[in-house]
Amino acid sequence: MTPPFLSLITEKVRISEVSRDGEVVRKQNELVKKKLKLTKIQLQWVRAHNGTVGNERADALARLAASKDQIDAEFGPSKAQVRYRGKVLLATKWQERRNNSEKGSWTKKFFKEVKFSRLYGDFYYNQALTSHGVFGAHEKRLFGKEGDCPCGEQLETIEHILLKCKILGKERDDWPKSWLQKDISD
C-alpha cells in the first residue's frame with residue numbers, strides 16, 4: 001500500500017516563510033504531515049495565470065469563495081489576536097477594579113489609568129509612588145506602630161511629608177516650583 005501523499009502547488013511564495021536552510025518550510029511540512037497523517041509532501045511553484053490546470057481551478061474556486069456572502073470554513077483567531085484580546089480584557093477589568101477601589105488614592109494621583117508599560121525607579125522612588133515603605137501611616141496600618149509625623153501635625157503619609165510637613169518646609173522651598181505639574185516620567 002502506498003503511503004498518503006500530498007502535493008502543494010502555489011503561485012505565491014512569501015520570503016518570510018523561507019529561510020536559508022529551509023527550516024521554516026521543514027517545520028511547516030512536518031505540521032501538515034502530522035495534521036493530515038501524511039508521510040510525504042512535495043512543494044512546487046508555478047507561474048500565475050499561465051494556464052496550469054490545477055492553478056486555474058484554484059483561482060476559479062478562490063474567486064467563487066470571495067463572491068459568497070458567507071464562508072464555508074472559518075478559522076479561529078490567531079495566537080496574536082487571542083493574546084491581544086486577553087491583554088485588553090485584563091486591562092479593562094484591572095481598570096474597573098482600580099476605579100472601584102478605595103485603596104491607592106495616592107498612586108491614582110500620578111497614574112490616572114492602568115497601563116502595561118513599566119516605570120523603572122529605585123527603591124525609594126517606588127516607595128514614594130506607592131506610599132508603601134517607612135512612612136508612619138503605612139507602618140501603623142501594617143504593624144500597629146505609632147503613625148504620627150514627628151512634626152506633630154497629623155499622620156505621617158507621603159502626601160503630608162511632600163506637601164505639608166513643617167519639618168521639610170525649607171527643603172520644599174528649594175525644590176523647583178514646577179515639580180507638582182511634572183509628569184511622573186519626567
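Biologist: Which helix gives the most to the lining of the largest pocket?

Modeller: This is a predicted model, and in it helix 4 gives the most, with six residues of that lining. Helix 4 covers 105–110. At least two lining residues each also come from helix 3 (79–99), helix 6 (136–143) and helix 7 (158–163).

Biologist: How many residues line the largest pocket, and which lie nearest its centre?

Modeller: The lining has 34 residues, and those nearest the centre are Arg98, Gly104, Thr107, Lys108 and Thr130. The volume of this pocket is about 1,100 Å³.

Biologist: How does the lining divide into nonpolar, polar and charged residues?

Modeller: There are 13 charged residues, eleven nonpolar and ten polar. As for domains, domain 1 (77–116) and domain 2 (118–179) each provide at least three residues of the lining.

Biologist: Let's turn to the aromatic rings. How many aromatic pairs are there?

Modeller: Two rings pair if their centres lie within 6.5 Å. The count by this rule is two aromatic pairs. In one of them, the ring centres of Phe123 and Tyr124 are 5.2 Å apart and the planes meet at 80°, so this pair is edge-to-face. The cut-off for that label is an angle over 60 degrees.

Biologist: Are Phe123 and Tyr124 buried or exposed?

Modeller: Exposed means over 50% relative accessible area. Phe123 has 58% relative accessibility, so Phe123 counts as exposed. Tyr124 is exposed too, because its relative accessibility is 63%.

Conventions
Residues numbered from 1 in each chain as written. Predicted model: local features only at pLDDT ≥ 70, side-chain atom pairs only at ≥ 80, totals over all residues. Heavy atoms only, no water. 1 Å grid on protein atoms, 1.4 Å probe; cavity = no way out; pocket = protein on both sides within 12 Å on 5 of 7 lines; lining within 4 Å. Points joined across faces, edges and corners; volume = space filled by probe spheres on them. Helix = DSSP H or I, 4+ residues; strand = E, 2+ residues; numbered from the N terminus. Nonpolar A, V, L, I, M, F, W, Y, C, P; charged D, E, K, R; others polar. Domains from an automatic or database assignment. Phe/Tyr/Trp six-rings, centres within 6.5 Å; stacked < 30°, edge-to-face > 60°. Buried < 20%, exposed > 50% of the residue type's maximum accessible area, 1.4 Å probe, protein only.
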